[in-house]
Amino acid sequence: MKKFALTFALLLSVSAPALAGDATAPVKEIMDATIKNWSGTDSDWVDIFDDSRLTRLYSQDFVTKYRAAIQNPAADEDGISPFDYDVIVNGQDACPLQDLAYAPKAGANGTTEVVVTFKKATCMDDGSDKQAVTTVRFEVIDEGSNSVIDDVITEGDAGQPPNSLKNTMVLIAKGE
């Protein structure tokens, strides 16, 4: 019986596909930084695109597009980011994020889509819908043995299509 179990285990290990990395891991690291950034405490802003995160959590294609975008003279005056808004909350203002949920699902072409939902306006007094749920889709791929973020898709304005961060970076690099 032991011989059968050992043979069966060996056959499974040879025929089973290699397990991909945890698609939610890079997303959770970016969301943890975003949560900290909007926590309301007087702590330093966490750059989700600093070089250590950029080369570790994002795909090579994403990194190439980011580096091209940051070269554009229209980049932030401080030279830190090509964006003048938080690309995760899709705005310049937010409250401490609440009711976060992660939902990974299979996407197209070998991607895993990690859908993150949260409330970002619960403290706003400007007539915002305080209970509105924001949805951000992270497209995660495997490069080598690592799961990395290949794109970040945010909701478009009413009646507009979703926004691809990679497409936005291409436009910034072109000066558009």
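User: Which ring does the charged end of Lys28 sit over?

Analyst: A charge sits over a ring if NZ of Lys or CZ of Arg is within 6 Å of the ring centre and within 35 degrees of the ring normal. Here the charged end of Lys28 lies over Tyr102, 5.3 Å from the ring centre. Keep in mind that this is a predicted model, where local features need pLDDT of at least 70, side-chain atom pairs count only at pLDDT 80 or more, and totals for chains, interfaces and linings use all residues. Residues are numbered from 1 along each chain as its sequence is written, and side-chain values use heavy atoms, leaving out hydrogens and water.

User: How do I read ring pairs, and how many aromatic pairs does the structure hold?

Analyst: You describe a pair of aromatic rings by the distance of the centres and the angle of the planes. Rings of Phe, Tyr and Trp (its six-membered ring) pair if their centres lie within 6.5 Å; planes under 30 degrees apart are stacked, over 60 edge-to-face, and the rest tilted. This structure has 8 aromatic pairs. Take Phe49 and Tyr58: centres 5.4 Å apart, planes at 35 degrees, so the pair is tilted.

User: What about Phe49 and Phe83?

Analyst: Their centres are 5.7 Å apart and their planes at 45 degrees, so that pair is tilted. Phe49 is in the loop between H2 and H3, Phe83 in the loop between helix H4 (60-70) and S1, 34 residues apart, so to speak distant parts of the chain.

User: Which residues do ring pairs link into a cluster?

Analyst: Phe49, Tyr58, Phe62, Tyr66, Phe83 and Tyr85.

Notes:
Helix = DSSP H or I, 4+ residues; strand = E, 2+ residues; numbered from the N terminus.
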